[in-house]
Amino acid sequence: MGVSGGADSMALLCGLAGLRHRLGVQLHAAHFNHRFRPEALRDERFVSQWCRQLNVPLTVGHRQGGKIDRLSEDDARNLRFEFFVQTARRLKAQSVALAHTRNDLAETVLMRIMRGSGLYGLRAILPRRTIEGVVFVRPLMDLERVDVEDYLKAKKIPFCTDATNRQTVYERNKVRLELLPLLARAYNPGITGALSDLAATAGEDYEFISMHARKQFEKKVSVSGKKVKLRLKGVKRLHPSILRLVFRQMVEILTTDPAALNFEHIQAMEDLVFQKGLGPVDLPHHLRAVKTKQFLELSHV
């Protein structure tokens with residue numbers, strides 16, 4: 001399980017530690033120190049102390065490189081997930097538990113809406129997801145942050161406070177501290193639940209369309225080395241929703257973050273398929289789409 005030392009992750013750590021024998025599971029904690037906050041070493045020691053107290057083995061990872069003043073949300077998340085995947089593989093773990101709640105889900109849905117998103121993005125944080133062959137689960141997704149705080153208070157469990165969580169230079173913090181409270185106060189007191197329900201509905205709709213897109217993917221897409229190729233014959237007859245999901249499924253072969261593909265990228269790939277004389281399309285994560293006479297080819301630059 002991932003343990004940062006914050007409120008949500010401490011609730012997850014202590015909750016699972018108390019249930020491990022009933023559930024019949026062996027626990028192993030993983031803490032990643034990004035090494036850019038003054039409190040980072042304090043958090044690492046705090047997690048280590050609690051893991052010893054609960055008799056839960058712990059693996060600690062550290063960001064490599066020199067001192068930095070700021071780390072983007074995306075870079076921080078990617079570093080953590082890479083560490084979690086490597087640790088899970090080394091331990092041959094059945095799954096990795098993360099401490100996201102309904103509040104995290106609502107924040108992510110709102111961020112995706114503001115950026116522009118289809119069904120794929122509106123699913124936001126999934127309760128269960130496989131990344132690079134590792135299963136990630138989120139046992140607290142049905143709980144809101146207030147439920148976590150009540151649990152910690154009742155059990156007298158301390159937690160670390162990340163000072164950067166109050167800095168509105170980060171998009172998620174602005175949504176959490178400013179936008180969601182405004183929406184709850186002025187428009188809908190149940191906005192967190194409404195956004196969470198939207199994610200669930202979008203996820204169900206996406207799965208239905210994705211099932212049909214997968215059939216087309218299997219018919220028309222081939223993978224050769226580090227290149228993914230879509231055969232163009234008959235593609236123009238596909239429904240746009242199906243074709244767009246085929247594009248995403250192609251990207252999933254080459255990167256762990258297909259969510260980085262936004263509407264503009266998808267539209268550029270559609271233009272490449274349907275129009276003549278267009279050059280290559282550059283995509284996130286150093287990917288490039290190139291049109292040949294018979295194929296749309298996707299590969300790393």
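Two strands count as paired if DSSP finds at least two bridges between them. I keep that rule at the head of these notes, which concern a predicted model.

**Entry 1: strand 7**

I looked up the partners of strand 7, residues 227-231. Strand 7 pairs with strand 10 (residues 295-300) in the antiparallel sense, over 5 bridges. In that pairing I found Arg231 opposite Phe295 of strand 10.

Strand 6, residues 221-224, is also antiparallel to strand 7, with 4 bridges between them. Here Val221 stands opposite Leu230. I noted that strands 6 and 7 make a hairpin with 2 residues between them, and that Gly225 in the turn has a positive phi of about 65°.

Which side chains of strand 7 are buried? I found an alternating pattern: Val228 and Leu230 point to one face and are buried.

**Entry 2: helix 2**

I checked the length of helix 2, residues 40-54. At 1.5 Å a residue its 15 residues should span 21 Å, and the C-alpha atoms at its ends are 21 Å apart, so the two values agree.

I then listed its buried residues: Ala40, Asp43, Glu44, Phe46, Val47, Ser48, Trp50, Cys51 and Leu54. An α-helix has 3.6 residues a turn, so residues three or four places apart point the same way. The cover over the buried residues of helix 2 includes helix 1, strand 1 and strand 2 (58-62). After the helix comes Asn55, with a positive phi near 60°.

**Entry 3: second largest pocket**

I looked up the second largest pocket, which holds about 550 Å³ of space. It is lined by 21 residues, and those closest to its centre are Gln26, Leu27, His28, Ala93 and Ser95.

Which elements supply at least two residues each of the lining? They are helix 1 (7-23), strand 1 (29-33), helix 3 (73-91) and strand 3 (96-97). Helix 3 gives the largest share, 4 residues. By class, I read 15 nonpolar, 5 polar and 1 charged residues in the lining.

**Entry 4: Asn173**

I looked up Asn173, which lies in helix 7, residues 171-186. Is Asn173 buried or exposed? Its relative accessible area is 5%, and buried means under 20%, so Asn173 is buried.

I set aside its neighbours within four places in sequence and asked what Asn173 is in contact with. The residues are Thr164, Asn165, Arg166, Gln167, Thr168 and Glu178.

Technical notes:
Residues are numbered from 1 along each chain as its sequence is written. This is a predicted model: local features need pLDDT of at least 70, side-chain atom pairs count only at pLDDT 80 or more; totals for chains, interfaces and linings use all residues. Side-chain values use heavy atoms; hydrogens and water are left out. On a 1 Å grid over the protein atoms alone, a cavity is a set of points where a 1.4 Å probe fits but cannot get out, and a pocket is an open set with protein on both sides within 12 Å along at least five of seven lines; lining residues have an atom within 4 Å of a point. Grid points are joined across faces, edges and corners, and a volume is the space filled by probe spheres set on the points. Ala, Val, Leu, Ile, Met, Phe, Trp, Tyr, Cys and Pro count as nonpolar, Asp, Glu, Lys and Arg as charged, and the others, Gly among them, as polar. The expected span of a helix is 1.5 Å times one less than its number of residues. Buried means under 20% relative accessible area, exposed over 50%, partly exposed in between (1.4 Å probe, protein chains only). Contact means heavy atoms within 4.5 Å.
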